Amino acid sequence: MQTAEALDAADPLGDYRSLFLGHDDPGILAYLDGNSLGRPLRASAERITEFVSAGWGGRLIRGWDEAWLDLPLRVGDEIGRTMLGAAEDQCALGDSTTVWLYKLCRAAVAARPGRREIIIDRDNFPTDRYIVQGIAAECGLELRWIEPDSEAGVTADGLAEALSEQTAMVLLSHVAYRSGYVAQMAELTELTHQYGALILWDLCHSVGVLPVELDACQVDLAVGCTYKYLNGGPGAPAFGYVRAELQDSLQQPIQGWLGYVEPFRMGPEYRPAAGIRGFTSGTPPILGMLAMQDMIELIKRAGIDAVRAGSIDLTEYAIARSEELLGGAGVRLASPRDPARRGGHITLDHPRFRDVYRRLWDQGIIPDFREPEGIRLGLSPLSTSFTEVDEGITAIQRELAKF
């Protein structure tokens with residue numbers, strides 16, 4: 001196996017690391033949680049400073065008419081074009097992932113009156129599960145739970161067992177938040193459509209780290225966050241995708257002023273705007289949309305296919321190094337070995353990891369912990385080095401040896 005230093009020297013994405021703030025911080029030896037919160041770009045710090053003084057401070061309320069009101073749609077289109085395989089006028093920014101999930105799930109079940117069931121898997125992210133539990137209670141619907149295959153995530157066979165003529169919608173994550181399993185989007189979407197149901201994909205752990213083809217897969221609805229691989233910063237707004245053919249027939253439930261046909265007319269009764277704007281709700285979080293624009297441009301420059309190749313190289317190295325250093329200590333890989341089925345992170349399981357990961361943080365080694373016993377290594381290809389991966393796994397070996 002090549003050394004981490006040699007791999008870094010040969011990394012075609014390696015020159016991008018210096019563009020990120022903190023990449024040379026001696027207090028952080030290894031940042032391995034880029035799939036939870038991405039590092040900020042230096043350009044983003046400059047953009048935000050400039051906006052406060054010249055945009056917000058200089059233009060004041062005039063900024064709404066000049067640029068801000070259209071920012072959710074303009075940046076949404078950029079995300080769609082650059083990494084989602086989505087034609088324009090289908091993506092919009094604003095609100096949190098939770099709010100987008102509620103709006104699109106609620107719109108989907110309302111569009112299938114008479115159908116009584118929502119399908120979701122038990123390993124989906126908590127928010128996804130909680131949202132559909134609430135909607136089921138609100139609308140008098142039932143949940144059909146898929147038990148994911150431990151070796152393959154949600155499969156066509158598993159989904160087929162749950163689908164029926166009573167299915168209103170299916171909610172799945174493209175990349176599983178804990179294990180990193182990549183679901184077969186095209187196959188599962190087609191299967192859902194065979195039963196006349198709608199499907200909503202959660203893209204939070206895939207957008208910005210692997211190519212997504214929403215239009216080609218005939219996806220109905222999708223949501224995703226922007227503070228992970230899109231480096232938008234803490235609490236940066238999420239995005240929603242609604243396939244163009246569905247925009248006139250779906251009605252989202254949170255009827256705010258921004259989704260009104262003429263936002264500044266302040267009309268007496270709500271009339272939704274046409275197209276994707278009708279799925280927006282409240283005042284756009286303009287500050288929260290600034291940093292991600294720099295990361296979108298960087299991904300465009302590097303190319304999403306090159307980012308995906310870098311992600312595979314990093315996770316392959318992380319798996320090989322963990323097996324070499326940690327296998328004898330009983331550490332188990334809880335992620336797919338096949339890189340085609342693996343997203344941008346891996347999870348390693350061990351009964352002692354709850355005790356270990358906080359000790360790692362104290363040393364400037366920052367992975368994530370996921371219940372019940374997993375250390376998750378989130379490897380962002382444009383900012384994470386092979387040396388960081390090596391530092392992190394070596395530190396885990398050192399801490400486990402203390403027990």
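1. A friendly place to start is a single side chain: aspartate 70 is partly exposed, with a relative accessibility of 44%. Please keep in mind throughout that this is a predicted model. The partner of aspartate 70 is arginine 277, and the two side chains form a salt bridge with an N to O distance of 2.9 Å. Aspartate 70 sits in the loop between α3 (62-66) and α4 (71-84), while arginine 277 sits in the loop between β8 (239-242) and α9 (290-302), so this contact ties together parts 207 residues apart in sequence. Arginine 277 is buried, at 15% relative accessible area.

2. Glutamate 323 belongs to helix α10 (residues 304-326) and arginine 337 to the loop between β9 (332-333) and β10 (345-349), so the bridge ties together parts 14 residues apart in sequence. Glutamate 323 counts as partly exposed at 40% relative accessibility, and arginine 337 counts as exposed at 54%.

3. Then there is a helix-to-helix pair. Glutamate 399 and arginine 359 form a salt bridge in which the closest N and O atoms are 3.7 Å apart. Glutamate 399 is in helix α12 (residues 386-400) and arginine 359 is in helix α11 (residues 353-362), so these distant parts of the chain, 40 residues apart, are linked. Here glutamate 399 is buried, with 1% relative accessibility, whereas arginine 359 is partly exposed, with a relative accessible area of 34%.

4. Salt bridges can also share partners: Glu78, Arg81, Glu297 and Lys300 are joined in this way into one network. For the structure as a whole, the count comes to 29 salt bridges.

5. Which buried aspartate has no salt bridge? Have a look at aspartate 128, in helix α6 (residues 126-139). The nearest side chain of opposite charge is that of arginine 129, 7.5 Å away, and a salt bridge here requires a nitrogen within 4 Å of a carboxyl oxygen. Leaving aside residues up to four places away in sequence, aspartate 128 touches Leu101, Ile120, Leu171, Ser173 and Asp202.

6. One of those contacts, Leu101, is also among the buried residues of α5. Helix α5 covers residues 97-110, which is 14 residues, and reaches 20 Å from its first C-alpha to its last, close to the 20 Å expected at 1.5 Å a residue. How many residues of α5 are buried? The number is 10 of the 14, so the helix is largely enclosed by the rest of the structure. They are Thr97, Trp100, Leu101, Lys103, Leu104, Cys105, Arg106, Ala107, Ala108 and Val109. As you will know, an α-helix has 3.6 residues a turn, so residues three or four places apart point the same way.

7. The structure holds 1 cavity of 30 Å³ or more, and the largest cavity has a volume of about 40 Å³. Which residues line the largest cavity? The lining consists of Asp11, Leu13, Gly310, Asp313, Leu314, Pro381, Thr384 and Phe386. Helix α10 provides the largest share of this lining, with 3 residues.

Definitions and conventions. Residues numbered from 1 in each chain as written. Predicted model: local features only at pLDDT ≥ 70, side-chain atom pairs only at ≥ 80, totals over all residues. Heavy atoms only, no water. Helix = DSSP H or I, 4+ residues; strand = E, 2+ residues; numbered from the N terminus. Expected span 1.5 Å × (residues − 1). Buried < 20%, exposed > 50% of the residue type's maximum accessible area, 1.4 Å probe, protein only. Lys, Arg positive; Asp, Glu negative; His and termini not counted. Contact = heavy atoms within 4.5 Å. 1 Å grid on protein atoms, 1.4 Å probe; cavity = no way out; pocket = protein on both sides within 12 Å on 5 of 7 lines; lining within 4 Å. Points joined across faces, edges and corners; volume = space filled by probe spheres on them.
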